[in-house]
Amino acid sequence: LPAAAPDPVALRAALRSALANGAPGALARVDDNGRAHRLAEGLADRGTKRAITAEDRFRIGSVTKTFTTVVLLQLVDEGVLKLDDPVVKHLPGALPDKRITVRHLLGNRSGLYDYTNTLFARTVSGFEAVRNKVFTHRQLLDLSLAKAATGSPGGAYAYSNTNFVVAGMLIEKLTGTSTGTAYRERIITPLKLADTFYVHPDTALPGKHSRGYLTSDGSGTSLVDATRQTASWAQSAGAIISSARDLNTFFSALLRGELTSAARLTQMRRWTAVNSTQGYGLGLRRRDLSCGVSVYGHTGAVQGYYTYSFTSGDGKRSVTSFANASNNAAVLNTLPRTLEAAFCGTQAT
Ligand SMILES: CC1(C)S[C@@H]2[C@H](NC(=O)CCCC[C@H](NC(=O)C[NH3+])C(=O)[O-])C(=O)N2[C@H]1C(=O)[O-]
């Protein structure tokens with residue numbers, strides 16, 4: 001358990017920094033051994049001027065990848081597949097490289113090209129071109145396979161949304177249900193995540209939610225309201241909608257061993273170095289903080305929505321922070337400061 005108590009002053013300073021760098025609104029929630037700290041700064045909606053609250057729902061982007069991983073690891077626990085199975089054993093003909101395994105997908109070590117690099121090379125026009133589109137998993141995979149592999153299976157870490165689209169294909173094939181049903185039956189309902197939904201291809205966010213604002217490329221600070229999109233480019237790689245409370249509940253339950261067997265959680269926490277202070281396991285990020293505490297969770301970036309959601313190794317303290325802007329590195333770089341405030345109790349420089 002982290003030594004220092006959460007520092008709400010530093011937490012609020014980090015949220016205010018997100019606003020100073022261009023986000024209309026930001027929120028954070030710390031759950032610390034049953035005690036909740038809830039903070040919010042700025043607006044959820046620039047049109048109506050509604051203030052954002054810590055209870056607002058939002059698109060969580062790639063934090064979805066941990067939900068997808070948990071479902072597959074539960075299927076491993078049930079003996080339905082093995083992590084070292086070749087993907088093509090369960091999806092015959094899906095991948096040209098028969099060496100790619102389930103573990104490679106979940107560890108971002110398959111070498112499969114990330115099709116979003118093509119889709120979103122031009123931020124706003126790329127988004128407008130797909131925001132109302134509905135893709136099949138196969139269409140997204142074909143976008144990836146149209147490009148050369150970025151490495152060999154089991155080689156270097158290389159983040160790719162494609163891996164978690166294929167993971168979604170595995171879930172649907174092995175469970176006979178949709179990924180949305182699998183999330184609901186295996187995670188959302190058991191944990192009573194009342195604010196969490198898999199929304200695809202509907203474009204509306206259910207209930208009280210923050211709007212999301214995509215920042216245009218270049219020096220301009222013009223914001224595009226990106227709230228309504230099918231998120232079909234993302235699906236099992238990024239289409240879940242949730243809240244800070246639910247994500248804290250989810251990651252705390254995961255690290256407490258409530259969602260998978262101990263053996264599978266151990267495999268999830270086997271790290272590939274991303275850099276000197278970060279590792280990637282299976283659908284799970286590790287970040288080493290300035291005070292010597294390591295925290296576990298995931299990050300997300302979907303048009304208009306930046307999310308950080310991490311918990312302590314024993315799951316007793318969790319923080320989720322969110323800003324309703326994207327394509328803005330200065331805003332994104334304020335969110336790690338919420339981890340320092342929540343777990344180290346300091347206002348990291
Ligand atoms: C690795 C990330 C950051 S990117 C990856 C995934 N999000 C995407 O792949 C969408 C990228 C385009 C988003 C868009 N940017 C552009 O279009 C830039 N041209 C914007 O900022 O709204 C997610 O979520 N992950 C984040 C993660 O895991 O933290």
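1. Start with two phenylalanines: both Phe 58 and Phe 322 are buried. Keep in mind as you look around that this is a predicted model.

2. Next, see how those two sit together. The structure has eleven aromatic pairs. In one of them, the ring centres of Phe 58 and Phe 322 are 4.3 Å apart and the planes meet at 10 degrees, so this pair counts as stacked. The two residues come from distant parts of the chain: Phe 58 belongs to strand 4, Phe 322 to strand 14 (residues 317-323), and 264 residues separate them.

3. Another stacked pair is worth a look. Phe 67 and Phe 250 have ring centres 3.9 Å apart, with planes at 15 degrees, so they are stacked too. Phe 67 is in helix 2 (residues 64-77) while Phe 250 is in helix 10 (residues 244-255), so the pair ties together parts 183 residues apart in sequence.

4. Ring pairs join Phe 67 and Phe 250 with Tyr 183, Tyr 198 and Phe 251 in a cluster.

5. Strand 4 pairs with strand 8 (residues 240-242) in the antiparallel sense, over two bridges. Phe 58 has Ser 242 in strand 8 as its bridge partner.

6. Two arginines are placed over tyrosine rings. Arg 46 lies over the face of Tyr 213, at 5.6 Å from the ring centre. Arg 269 does likewise with Tyr 296, at 4.4 Å from the ring centre.

7. Finally, have a look at a helix pair. Helix 7 (residues 137-145) packs against helix 8 (residues 161-175) at an angle of about 145 degrees, and their axes are 10 Å apart. The crossing of helix 7 and helix 8 is left-handed. Which residues of helix 7 meet helix 8? They are His 137, Leu 140, Leu 141 and Ser 144. On the helix 8 side, the residues they meet are Thr 162, Val 165, Val 166, Gly 168, Met 169 and Glu 172.

Conventions:
Residues numbered from 1 in each chain as written. Predicted model: local features only at pLDDT ≥ 70, side-chain atom pairs only at ≥ 80, totals over all residues. Heavy atoms only, no water. Pairing = 2+ DSSP bridges. Helix = DSSP H or I, 4+ residues; strand = E, 2+ residues; numbered from the N terminus. Phe/Tyr/Trp six-rings, centres within 6.5 Å; stacked < 30°, edge-to-face > 60°. Buried < 20%, exposed > 50% of the residue type's maximum accessible area, 1.4 Å probe, protein only. Lys NZ or Arg CZ within 6 Å of the ring centre and 35° of its normal. Axes fitted to C-alpha atoms, helices over the stretch in contact; angles between N-to-C directions. Left-handed = near helix turned anticlockwise from the far one by under 90°. Contact = heavy atoms within 4.5 Å.
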